[in-house]
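Today I am opening my notebook on this structure and writing down what I look up, entry by entry.

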Amino acid sequence: MAKINPNYQKLPGSYLFSEIARRTAAYTNEHPDAKLIKMGIGDVTQPLVPEVIRAMHEAVEEMSHKETFHGYGPEQGYAFLREAIVRRDFEARGVDIAADEIFVSDGAKSDCGNIGDIFSVDNVVAVCDPVYPVYVDTNAMAGRAGDYDAEKQGWTRIHYMPTTAENGFSPAIPEGKVDLIYLCSPNNPTGTVLSYEQLKAWVDYANANDAVILFDAAYERFIVEDDVPHSIYEVEGARTCAIEFRSFSKTAGFTGARCGYTVVPKDLIRDGASLNAMWNRRQTTKFNGASYIIQKGAAAIYTEQGEKEINATLNYYRANARVIAESLTKCGLTVYGAVNSPYIWVKTPDGMGSWEFFTLLLEQGNVITTPGAGFGPSGEGYIRITAFGDADATKEAMRRIEALLTCEK
């Protein structure tokens, strides 16, 4: 008899966003005429920019001719994209990263989940709380998280680090020893950022304890403040302790096109083994590389015209974030994020539970949000709202919420 992976049986319920979709569908089945505004899942609404489309069309044309056709590409990504990444994302910021330390993929979500392949199930994992569910669920699937404690709403072998307003959204360094540390800045879901000094403390801890930081920088292009690091490699010592994940999904509209990359420095050695070599071995075995057409499109965002166009799109979403933050603040709600991030982290009014406030906004405002409790125990009492919607729809959603909460005009 074929035996299943028993760790899947331990997973509680469904994936957060699947549960949101289920509850939303149940409501719309009863109210088919409801005009819902989606501000929950962080999916983009603006199209790929013209320069990216031009590059993709050019690549499609190449694929139609024998002389320029591309079959299997390098699993690590084409040199034209990896070199463009080095120039713009790292050299331009004074960071020493080489092209052969970059691995192009079909997105940061895949890499954040797959990175566990190169680590033992015996490692102790630390996550910020609230947390992007993929970090936790994929470790649970691998058997690294222990058992789920429904009462505490957490896993027995996961070290949860409260990341809350009370500690300035900067998790405390563990008193004991952990092995794998997930950090995300700008943070999903709270929209807050970590400073150079805060990241330096983590880098020093990781190097002192032979731990590895798994740094999610998927939203780095939303950073507008000068003193906020865009990469953990801007911090001295990070090359010997950190792996970084980047994404084109939110920064360039590739949620449907799928492309991102992971950086694994050659200086990163654990148990006498090169993690760069191990990740390369994993990718060459389990992954055939991102599409040539998609990589050509991704490379286009690093051209002068491409950068100009995606910056215009980023500013569109930043304007949405300001509208949301200003409106909810006017309603007397406590709001975080929105400055260096497309996410707005909102404290629920009058001590309401996250799912309770989610339901109120869904059923009485017809606005879909994300309940903070879905991101972990410390997310209870908050909701997350995204700025990735249409600008007019965003303004309409805020008008509905203001009317629902009887906010001052």
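**Entry: prolines**

I began with Pro189, which sits in the loop between β7 (180–184) and α7 (196–209). I take helices (H or I, at least four residues) and strands (E, at least two) as DSSP runs, numbered from the N terminus. The peptide bond from Asn188 to Pro189 is cis, with omega near 25°. I found a cis bond from Asp129 to Pro130 as well, with omega near 15°. Pro130 belongs to the loop between β3 (125–129) and α6 (133–142).

**Entry: ground rules**

I am working with a predicted model, so local features need pLDDT of at least 70 and side-chain atom pairs count only at pLDDT 80 or more, while totals for chains, interfaces and linings use all residues. Residues are numbered from 1 along each chain as its sequence is written, and side-chain values use heavy atoms, with hydrogens and water left out.

**Entry: strand β7**

How many residues of β7 are buried? I get five of five, so the strand goes down as mostly covered. Here buried means under 20% relative accessible area, exposed means over 50%, and partly exposed lies in between (1.4 Å probe, protein chains only). In a regular strand the side chains alternate between the two faces of the sheet. In β7, Leu180, Tyr182 and Cys184 point one way, Ile181 and Leu183 point the other way, and all are buried.

Next I looked at the partners of β7, counting two strands as paired if DSSP finds at least two bridges between them. β3 and β7 run parallel and are joined by three bridges, with Val125 opposite Leu180. β7 also pairs in the parallel sense with β8 (residues 212–216), over five bridges. In that pairing, Leu214 of β8 is the bridge partner of Tyr182.

I then used Tyr182 as one end of a distance check. Asp392 is 210 residues from Tyr182 in sequence, and their C-alpha atoms are 36 Å apart in space. Asp392 lies in helix α13 (residues 391–404) and is exposed, with a relative accessible area of 56%.

**Entry: the four-stranded sheet**

Strands of a sheet pair through backbone hydrogen bonds, either parallel or antiparallel. Which order do the four strands of the open sheet have? I read β13-β14-β17-β16, with antiparallel pairing. β13 (335–337) and β16 (370–371) stand at the edges with a single partner strand each, so one side of each has no neighbour in the sheet.

Three bridges join β13 to the antiparallel strand β14 (residues 343–347), and Tyr336 has Trp345 as its bridge partner in β14.

**Entry: positive phi**

Ala338, in the loop between β13 and β14, has a positive phi of about 75° although it is not a glycine. Is Ala338 buried or exposed? I note it as buried, at a relative accessible area of 10%.

Asp271 is another non-glycine residue with a positive phi, of about 55°. Its place is in the loop between β11 (269–270) and β12 (273–274). At 86% relative accessibility, Asp271 counts as exposed.

**Entry: helix α10**

α10 (residues 292–300) is mostly covered, with eight of its nine residues buried. Among the buried ones I listed Tyr292, Ile294, Gln295 and Lys296. I then asked what covers them, taking contact as heavy atoms within 4.5 Å. The cover includes α3 (50–63), α4 (79–90), β2 (102–105) and α11 (304–330).

**Entry: second largest pocket**

For pockets I use a 1 Å grid over the protein atoms alone: a pocket is an open set of points where a 1.4 Å probe fits, with protein on both sides within 12 Å along at least five of seven lines, and lining residues have an atom within 4 Å of a point.

Which residues lie nearest the centre of the second largest pocket? I have Gly42, Lys109, Tyr132, Tyr219 and Lys250, out of 23 lining residues. α5 (108–114) and α8 (249–252) each supply at least two residues of the lining, and α5 gives the largest share, three residues.
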